[in-house]
Amino acid sequence: MHDLIQYIQSYLGSDKTPGGAGNIFWATVYVLLVFVGLSVAVIAMNWLERKILAHMQVRLGPMRVGPHGLLQPIADALKLLLKEDIIPEGADKVVFWVAPFIVVLAAFTVFVVVPFGPTHAITDMNIGILFMLGVSSLSVLGIVTAGWASNSHYPLIGALRSSAQMVSYEVAMGLAVVSAILMTSLNESSTGTLSMIGIVQAQFDQHEWFLFKFFPLGIIAFVIFAIAMVAETNRAPFDLPEAESELTAGFHTEYSGFRWSLFFLAEYSAMIAVSSIAVTLWLGGWLHPFPNLLSSPTWELAFSFIPGLTFLFLGALCFYHTARMPKHPLFRIQTIGLAGFGVVLALIGVVLFIPAVRDRVGDIFWFSAKVAGFMYLYIWYRGTFPRYRFDQLMKVGWKVLLPTGLALLILTAVVGMRGELLEQAKGVFGR
Amino acid sequence: MNPQVAANPPVATPFFFYGLAAIMIIGGILVITRKNAVHSAMALITTLLAQAGLYLMLYAPFVAGVQIILYAGGIMVLFLFVIMLISIERTLKERQFNKQWLIGIVAAGALGGLFIAVYTTTKGGVLFPPVGRPSYVEAQNTQGVASLLFDLHTGTYMFAFEIASLLLLVAIIGAVVMAKKRI
């Protein structure tokens, strides 16, 4: 028993990830935390998407279940769990059963290496980014098999479209990622790294987010990735695999109930996963804005207050809307509920001001805030762009993004090695 | 043994090795015996993933990652893509085995003999880690592969690597030429 407590405590002073320190207890805790956090994020994203999209289209969105529809995702989840789980008569039962699990496993496994902070990752792999790209590419298999196993026309067409789209955009995505990885090798030690934590640390050492490195090369790589990642997650405007107007629901037409909700869960957690790749590679991961200019202790203190202030602001917003609720007796429970939600948010904000918490949570907050920005972009795209036609989609992927990515890769390599190249040129011509 | 391996000794290696090997063998058998081509492809994916696990056990995470991206994620998707366009009803009626027992036994015997020869000449017995060989640091695997391929002084395999990529390019161009009459 004593040994066990000592084993648990031994990690606390360490400056490694639980996986790196080899501590099974803390690794399990981190896995559970990430899983719960991710599920909460997906639920929140479900509500936010419906709400924001509705406001963009001058509607109210869900308003009935809970104050401002806050309990709507929970009602949806209950409905999905209670629904009848249908396997079509002509379906290939085993494959039909396995497909949603492949997608979910692929979408959740990648979070093993996502760096929420210098020590806040489940583990740090030497091949971090390669692992993320590889495992997330496995979700195509789930989609293809789901479409095929349904033994129906719409799912099959949806699955074929989806696999063609994901395979083509993976190429452009990979090229953009490689050009960012090249930038990691420009430290004094001049060894590049594929580790997610190493990539963020390289940005810290080089005093610059890779987004602004070799302007405009970094930004172009980021834009290629940002376009490819929308296609990779099958989201609007590249949501051809599930285009409602032509394919009903694409590859998951025949799925219902719990299995359908697994696809839903996987889609949103895959969105969070690719967004965290983008944040890690180009937006400085867990670093707060301007990590090198504003690194004096005063600024560090000021930045460490922001998480608490954000939650206090959200709480205040809740109270403002509580005050604006209709005064009719029928709305009493909703008003109390919204006030209670505001109190919870404000309490979280107050807890985040405690120095011990403040120091440990800052990096997680900044990482999540940047990812949340991407999540908002996803909703914004969906509200703004009309769906692409399939030939347009392929044209953008193969004729625009791929050549740009190749040129970018060569340019990044040349600019990064310009010192050595100039010296060699002098050696040849300048004697 | 290097310091990192000494600090974090490998855990339950025989368990994982036999587990992964069993998955690979069962997957391999299923690939041949399933009549439905999609089931075969899925068994093949399982086999390839288990193989990636074996690479991880050999302290080669980079090779394992590439295995997942290229084989499990890339090539198998194209396999499935093609298989799905075939009519399954017709393939189910086709004869699956061609009863070439004699050649099969000879080939299997030769391969088994090779395995036994390798096992006995390297004085096997201990599976992991291989005795007498340096166990490589996991954290340097990617850099190690890169320096074997591309380094000016230690890069012994650069020529072979480039030749292989040229071969692939030729294959791609050949496929386009053969598929399209007019380019």
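In the predicted model, A:Asn151 counts as partly exposed, because 17 C-beta neighbours lie inside 10 Å. A:Asn151 sits in the loop that links helix H7 (139-149) to helix H8 (153-184) of chain A. The phi angle of A:Asn151 is near 55 degrees, a positive value in a residue other than glycine. Most residues other than glycine have a negative phi, and most peptide bonds are trans.

A positive phi is also found at A:Phe214, where the angle is about 50 degrees although the residue is not a glycine. A:Phe214 is placed in the loop between H9 and H10 of chain A. With 21 other C-beta atoms within 10 Å, A:Phe214 is buried. The loop between helix H9 (196-205) and H10 of chain A also holds A:Pro216. The peptide bond that runs from A:Phe215 to A:Pro216 is cis, and its omega is near 5 degrees.

Helix H10 of chain A covers residues 217-232, and its axis comes within 10 Å of the axis of helix H16 (residues 390-416) of chain A. The two axes cross at roughly 145 degrees, and the crossing of H10(A) with H16(A) is left-handed. On the H10(A) side, the residues that meet H16(A) are A:Leu217, A:Ile220, A:Ala221, A:Ile224, A:Ile227, A:Ala228 and A:Ala231. Their counterparts in H16(A) are A:Gly397, A:Leu401, A:Thr404, A:Gly405, A:Leu408, A:Leu411, A:Thr412 and A:Val415. Divided by class, this contact has 11 nonpolar and four polar residues, and no charged residues.

A:Ala228 takes part in the contact between H10(A) and H16(A). Apart from its neighbours within four places in sequence, A:Ala228 is in contact with A:Tyr169, A:Ala172, A:Met173, A:Ala176 and A:Leu401. The largest nonpolar core has 122 residues, and the members that touch the most other members are A:Val103, A:Ala176, A:Phe225 and A:Ala228. Helix H12 (residues 257-282) of chain A supplies the largest share of this core, with 15 residues. In soluble globular proteins, nonpolar side chains tend to be buried together.

A:Gln72 belongs to helix H4 (residues 72-82) of chain A. The residue is buried, with 20 other C-beta atoms within 10 Å of A:Gln72. When residues up to four places away in sequence are not counted, A:Gln72 touches A:Trp47, A:Pro62, A:Val65 and A:Gly66. Between A:Gln72 and A:Pro62, the C-alpha to C-alpha distance is 6.9 Å, and the separation in sequence is 10 residues.

At the level of the whole chain, chain A has 17 helices and zero strands. Its radius of gyration is 24 Å, close to the 22 Å that the globule rule gives for 431 residues, so chain A is as compact as a globular protein of that length. Along the principal axes, the C-alpha atoms of chain A fill a box of roughly 90 × 55 × 55 Å. Of the 431 residues in chain A, 42% are buried. Among contacts in chain A with a separation of 6 or more, 76% join residues 24 or more positions apart.

Chain B has eight helices and zero strands, and its elements run α-α-α-α-α-α-α-α from the N terminus on. Buried residues account for 15% of the 183 residues in chain B. Residues 24 or more positions apart make up 55% of the contacts in chain B with a separation of 6 or more.

The contact between the chains takes 22 residues from chain A and 21 residues from chain B. On the side of chain B that touches chain A, the elements giving two or more residues are helix H3 (37-57), helix H4 (61-84) and helix H7 (141-150) of chain B. The most is given by H4(B), with 12 residues. By class, this side of chain B has 14 nonpolar residues, six polar residues and one charged residue.

Within helix H3 of chain B lies B:His39. B:His39 counts as partly exposed, with 17 C-beta neighbours inside 10 Å. From B:His39 to B:Gln143, the distance is 38 Å, C-alpha to C-alpha, and the two are 104 residues apart in sequence.

Terms used. Residues are numbered from 1 along each chain as its sequence is written. Chains are lettered from A and ligands numbered from 1 in the order in which they are written. This is a predicted model: local features need pLDDT of at least 70, side-chain atom pairs count only at pLDDT 80 or more; totals for chains, interfaces and linings use all residues. A nonpolar core is a set of buried Ala, Val, Leu, Ile, Met, Phe, Trp, Tyr and Cys residues joined through C-beta atoms within 7 Å. A residue is buried if 20 or more other C-beta atoms lie within 10 Å of its own, exposed if 12 or fewer, and partly exposed in between; C-beta atoms are placed from the backbone. Helices (H or I, at least four residues) and strands (E, at least two) are DSSP runs, numbered from the N terminus. Two residues are in contact if their C-beta atoms, placed from the backbone, lie within 7 Å. Ala, Val, Leu, Ile, Met, Phe, Trp, Tyr, Cys and Pro count as nonpolar, Asp, Glu, Lys and Arg as charged, and the others, Gly among them, as polar. The radius of gyration is taken over C-alpha atoms; the globule rule is 2.2 Å times the number of residues to the power 0.38. Axes are lines fitted to C-alpha atoms, for helices over the stretch in contact, and angles run from 0 to 180 degrees between N-to-C directions. A crossing is left-handed if the near helix is turned anticlockwise from the far one by less than a right angle, and right-handed if clockwise.
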